[in-house]
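Work through them with the model open.

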Amino acid sequence: MPVNERDLCFFDTETTGFELDKELLEIGAVRVKANTFEKLSEVDIKIKPQHIENATPEALEVVGYNEAEWEKEGMDLREGLLKFLNFAQDTILVAHNLPFDWMHVQNALEKHGFQPTYFYKGLDTFSLSWLLLGDKAEFPKLSLKELANHFAVNMGTHHRAIDDARTTYRIFIELVKLHGQK
């Protein structure tokens, strides 16, 4: 399949910490049509942690982890990964700070013996923002929150994977528009 015919999958993960040995807690994803960027569907996957005792308290606080909510709505990691792989099949992954999310998903896939179903290259809205806005003083970090504020994008609940995936998608659209103006 030609790269320009692949749908885009905007995704975000939430984890029990920054390190790769930490667990995935959420994967949120928004699939959009190639070339038109029309939203097709979305998925919100909560994953029950197996070793919550190894989580960093700061990560759990940032994500708003609530044991009762995850117990009720969550699934095991294997099931969550399969759901994501099905959703992201044949897409190009897009994230804000792509390496963090990509590596956590890749690490979990490898532990379960799964192969990616998505394209082996991805897009990063941080990199795009750096190219288009990196010289502006009002963006000291080019964070998702800074960009959302700049483009008047409602973030929903920041650091919830589905809301951050939606925000990344909306920021991408704004960056595409901005690029067209240059």
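Q: At what angle do helix H3 and helix H4 pack?
A: This is a predicted model. H3 covers residues 77-87 and H4 covers residues 98-112. Their axes lie 11 Å apart, and the packing angle is about 115 degrees.

Q: What is the handedness of the crossing of H3 and H4?
A: Two packed helices are described by the angle between their axes and the distance between the axes. The crossing of H3 and H4 is left-handed.

Q: Which residues of H4 make the contact with H3?
A: On the H3 side are Leu 77, Arg 78, Leu 81, Phe 84 and Leu 85. The residues of this contact divide into seven nonpolar, one polar and one charged. From H4 come Val 105, Ala 108, Leu 109 and His 112.

Q: Is the pair of Trp 102 and Tyr 118 stacked or edge-to-face?
A: The count of aromatic pairs comes to nine. In the pair of Trp 102 and Tyr 118, the ring centres are 5.4 Å apart. The planes stand at 80 degrees, and the cut-off is over 60, so the pair is edge-to-face.

Q: Is Tyr 118 buried or exposed?
A: Tyr 118 is in the loop between H4 and strand E5, 16 residues from Trp 102 in H4. Buried means under 20% relative accessible area. Trp 102, at 16%, counts as buried. Tyr 118 has 7% relative accessibility, so Tyr 118 counts as buried.

Q: Over the ring of which residue does the charged end of Lys 46 sit?
A: The charged end of Lys 46 is 5.0 Å from the centre of the ring. That ring belongs to Trp 70.

Key: Residues are numbered from 1 along each chain as its sequence is written. This is a predicted model: local features need pLDDT of at least 70, side-chain atom pairs count only at pLDDT 80 or more; totals for chains, interfaces and linings use all residues. Side-chain values use heavy atoms; hydrogens and water are left out. Axes are lines fitted to C-alpha atoms, for helices over the stretch in contact, and angles run from 0 to 180 degrees between N-to-C directions. Helices (H or I, at least four residues) and strands (E, at least two) are DSSP runs, numbered from the N terminus. A crossing is left-handed if the near helix is turned anticlockwise from the far one by less than a right angle, and right-handed if clockwise. Contact means heavy atoms within 4.5 Å. Ala, Val, Leu, Ile, Met, Phe, Trp, Tyr, Cys and Pro count as nonpolar, Asp, Glu, Lys and Arg as charged, and the others, Gly among them, as polar. Rings of Phe, Tyr and Trp (its six-membered ring) pair if their centres lie within 6.5 Å; planes under 30 degrees apart count as stacked, over 60 as edge-to-face and the rest as tilted. Buried means under 20% relative accessible area, exposed over 50%, partly exposed in between (1.4 Å probe, protein chains only). A charge sits over a ring if NZ of Lys or CZ of Arg is within 6 Å of the ring centre and within 35 degrees of the ring normal.
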